[in-house]
Amino acid sequence: MDFLMKPTLLKDKKFFTPGVIILILLAINAIVFLAFRFFSGLGSMTNLNNQNPWGIWIAIDVASGVALAAGGFTSAALGHIIHKNEYEVILRPALLTAMLGYTFVALGVFIDLGRYYYIWHPLVMWNGSSPLFEVGICVIIYVTVLYIEFIPIVCERFIGKVKLIASLSFLNKPIDSLLRFLDRSLSKTMFIFIIAGVVLSTLHQSSLGTLMVIAGPKMHPLWQTPILPLLFLLSAIGVGFPMIIFESLIASRSFGLKAEMHVLSKLGRMVGPILGIYLAFKIGDMFIRGTFVYLTEINTQSIMFVIEMLVGVIVPLRMFFSEKVLNSKLLLFFASTLTVIGVMLNRINTFLVAYSPPYALKSYFPSVGEISVTVGFIAILVLIYRVIVMNLPVISLPDKKLVHKTKYEIIGGSK
Amino acid sequence: MDRRNFLKAAAIACTAAIPAKDLKANEKFKIDEDRVGVLVDTTICIGCRNCEWACKKAHNLSTEPLEKYSNREVFENKRRPNNKALTVVNQFYNPKNSQLPIDVKVQCMHCDEPACVSACIVHAITKHKEGPVTWDSTMCIGCRYCMVACPFQIPAFEYDKALQPKIMKCDFCIDRQKEGKLPACVEICPTETLTFGKRKDLIEIARDRIKRKPNRYSNHILGEHEVGGTSWLYLAGQDFSKLDFPKLVSDPAPGVTESIQHGIFAYFIPPIALYALLGGIMWINKNKSGEE
């Protein structure tokens with residue numbers, strides 16, 4: 001390594017690209033459909049009914065969203081708690097993804113709730129036996145923690161540089177001292193929030209799996225198991241690093257930066273064993289409960305299960321154990337994408353495909369409106385991500401100034 | 001950051017977590033021995049559907065006049081209780097006598113250990129010790145988890161309402177019961193298909209009927225043990241699975257979930273222990289890298 005990496009704002013990059021314009025159109029489309037949802041009720045634009053109360057907003061926006069934002073806590077555990085300094089460069093992008101991811105999880109819940117204006121009720125009305133309550137409370141606290149963890153990045157950008165427009169310029173000084181105060185107090189207490197973030201994540205990632213256990217016989221036995229919480233936690237940990245690799249490679253391509261392959265392949269090296277443990281538990285559970293018999297029937301459930309396991313777990317598992325894959329940008333991207341798709345498939349299968357209510361008149365398939373909103377939310381998330389990395393120091397770039405000074409020094413792990 | 005700071009902060013974090021201990025299971029709910037129930041004898045029901053009409057009247061739901069309910073065409077399709085009808089009667093072919101179809105009234109079973117009550121994120125659904133399971137409009141946030149949880153697939157949701165959509169389900173006419181009246185369906189039933197009374201007495205009555213007419217009844221009181229027992233009990237002349245009842249085990253519906261939840265959160269020890277463990281690892285690793 002010749003360069004020291006430093007988080008930098010990508011100010012000189014162009015915001016509007018053809019891709020960005022498509023994302024904006026998708027976002028507008030989602031907002032139009034959302035207007036229907038808020039003015040005419042959930043029934044007006046979703047395919048939800050009394051047989052299938054939950055659709056893709058829960059399965060993708062919420063359940064998959066939480067899982068795919070797991071990079072936030074796995075990287076925090078690796079970088080801050082196990083304290084591996086070489087992963088410094090991925091911490092901020094992973095934190096930003098988690099922060100935005102969870103914000104959109106909360107938004108997904110908000111639009112799905114029949115009485116969205118009562119979303120604060122769980123804060124004061126508690127039911128400790130409900131896994132949904134536990135997920136809700138943990139997500140609320142965790143979102144707060146993520147925003148707190150992000151404050152130092154904002155401070156770093158604006159301390160000494162607060163310049164509001166003329167009529168508000170009298171606020172420059174107070175805001176600057178507020179930022180300085182936050183920066184000072186957070187630098188001493190940040191470890192509390194970092195550990196809390198990891199604990200909260202393990203709790204609600206697993207409780208998200210507990211959610212469907214109560215559906216009992218309404219769930220297909222291939223997915224219905226008392227160890228669902230453990231499987232959800234393991235798969236969330238498993239998808240954390242692939243998600244970081246996935247978005248890091250996309251971001252570096254989109255902004256025309258050099259990919260951080262040396263860090264990413266190191267991350268990739270850890271994915272294989274985690275996926276292996278997940279697979280072992282999944283297969284062990286199938287043996288113990290004897291659910292292999294359901295694979296002999298050919299139906300939607302068994303086919304989806306095989307796709308989920310093959311495409312989402314077994315193939316990437318094999319790939320992450322190969323040196324060739326770990327050192328190739330393209331193959332590493334492919335393996336990570338498969339893992340991400342695999343976990344999404346698992347959440348969709350658990351919440352929708354496995355859920356077969358006894359009196360369903362027809363099986364659920366998302367409406368155009370539901371798909372539009374889900375796609376639009378992802379588009380808005382990507383757009384906000386782009387705005388933030390262009391204006392705040394999130395993505396690390398080689399720092400030319402530092403290079404000259406330190407060119408012949410051996411750069412250790414220290415900051 | 002020195003050791004004292006670390007310990008101080010850790011202590012603050014721990015104390016902050018302790019009041020949340022109340023989160024753990026609400027005290028074991030004591031259910032009344034004399035709780036009420038209804039015995040539905042499907043071998044008596046004639047499918048007049050007067051109960052459907054009375055139910056709508058009692059709950060201020062829009063309904064056609066009672067005369068219209070004699071229309072037998074509705075039996076061509078199997079119906080389910082929904083947001084516009086809290087109870088419905090379905091008709092099934094009778095293998096013993098094809099001239100006498102079997103009619104089955106469906107509504108909330110009012111479980112003794114309801115999955116919906118355990119699942120509800122804000123405790124908007126309550127199991128009353130007298131028997132009924134009711135829903136509270138002032139608390140519900142409309143997440144529809146009760147619908148996911150219910151093993152009988154009963155709670156319905158007003159998808160067409162943009163504001164204050166309700167979870168609709170039979171409330172066992174709890175308001176009428178408080179006034180000393182019978183549930184509307186029981187009161188109107190012309191054939192004594194529905195017997196209202198203490199659940200334990202109803203089980204005796206049902207056993208007695210089975211004993212006296214073993215040819216008429218199959219030896220199974222649905223709801224006596226299913227999902228931990230239900231307030232509404234059913235008798236039938238044939239296997240209940242042929243009458244569209246779900247096959248259920250006798251373990252309470254929320255059982256496993258609650259054990260998992262209470263295992264993870266036993267007095268908040270596991271999360272706090274994990275917090276301490278991670279804190280320790282962080283402390284050690286930080287010192288190590290500092291020494292280098």
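Contact means heavy atoms within 4.5 Å. The structure is a predicted model, in which local features need pLDDT of at least 70, side-chain atom pairs count only at pLDDT 80 or more, and totals for chains, interfaces and linings use all residues. Residues are numbered from 1 along each chain as its sequence is written, chains are lettered from A and ligands numbered from 1 in the order in which they are written, and side-chain values use heavy atoms, with hydrogens and water left out.

**Exercise 1. Chain B as a whole**

Task: State what share of the contacts in chain B with a separation of 6 or more comes from residues 24 or more positions apart, and describe the make-up of the chain.

Solution.
Step 1. Residues 24 or more positions apart account for 59% of those contacts.
Step 2. Chain B contains nine helices and nine strands; helices (H or I, at least four residues) and strands (E, at least two) are DSSP runs, numbered from the N terminus.
Step 3. Of the 292 residues in chain B, 51% are buried. Buried means under 20% relative accessible area, exposed over 50%, and partly exposed in between (1.4 Å probe, protein chains only).
Step 4. Chain B has a domain 1 (36–253) and a domain 2 (254–292), with bounds from an automatic or database domain assignment. The C-alpha centres of these two domains of chain B lie 45 Å apart.

**Exercise 2. Two helices of chain A**

Task: Describe how helix α2 and helix α7 of chain A pack.

Solution.
Step 1. Two packed helices are described by the angle between their axes and the distance between the axes.
Step 2. For α2 (residues 56–68) and α7 (residues 172–210) of chain A, the angle is about 145° and the axes are 11 Å apart. Axes are lines fitted to C-alpha atoms, for helices over the stretch in contact, and angles run from 0 to 180 degrees between N-to-C directions.
Step 3. On the α2(A) side, the contact is made by Ala63(A), Val66(A) and Ala67(A); on the α7(A) side, by His204(A), Gln205(A) and Leu208(A).
Step 4. Four of the contact residues are nonpolar, two are polar and none is charged. Here Ala, Val, Leu, Ile, Met, Phe, Trp, Tyr, Cys and Pro count as nonpolar, Asp, Glu, Lys and Arg as charged, and the others, Gly among them, as polar.

**Exercise 3. Aromatic pairs**

Task: Classify the pair formed by Tyr102(A) and Tyr142(A), and state which parts of the chain it ties together.

Solution.
Step 1. Rings of Phe, Tyr and Trp (its six-membered ring) pair if their centres lie within 6.5 Å; planes under 30 degrees apart count as stacked, over 60 as edge-to-face and the rest as tilted. There are 20 aromatic pairs over all chains.
Step 2. With 4.8 Å centre to centre and 90° between the planes, Tyr102(A) and Tyr142(A) are edge-to-face.
Step 3. Tyr102(A) lies in helix α4 (residues 88–112) of chain A and Tyr142(A) in helix α6 (residues 131–158) of chain A, so the pair ties together parts 40 residues apart in sequence.
Step 4. Tyr102(A) is buried at 1% relative accessibility, and Tyr142(A) is buried at 2%.

**Exercise 4. Positive phi in chain B**

Task: Which values of phi do His123(B) and Glu192(B) have, and where do these residues lie?

Solution.
Step 1. Most residues other than glycine have a negative phi.
Step 2. His123(B) has a positive phi near 65°. His123(B) is in the loop between α3 (115–119) and β4 (125–127) of chain B and is partly exposed at 24% relative accessibility.
Step 3. Glu192(B) has a positive phi of about 60°. Glu192(B) is in the loop between α6 (184–188) and β8 (194–198) of chain B and is exposed, with a relative accessible area of 60%.
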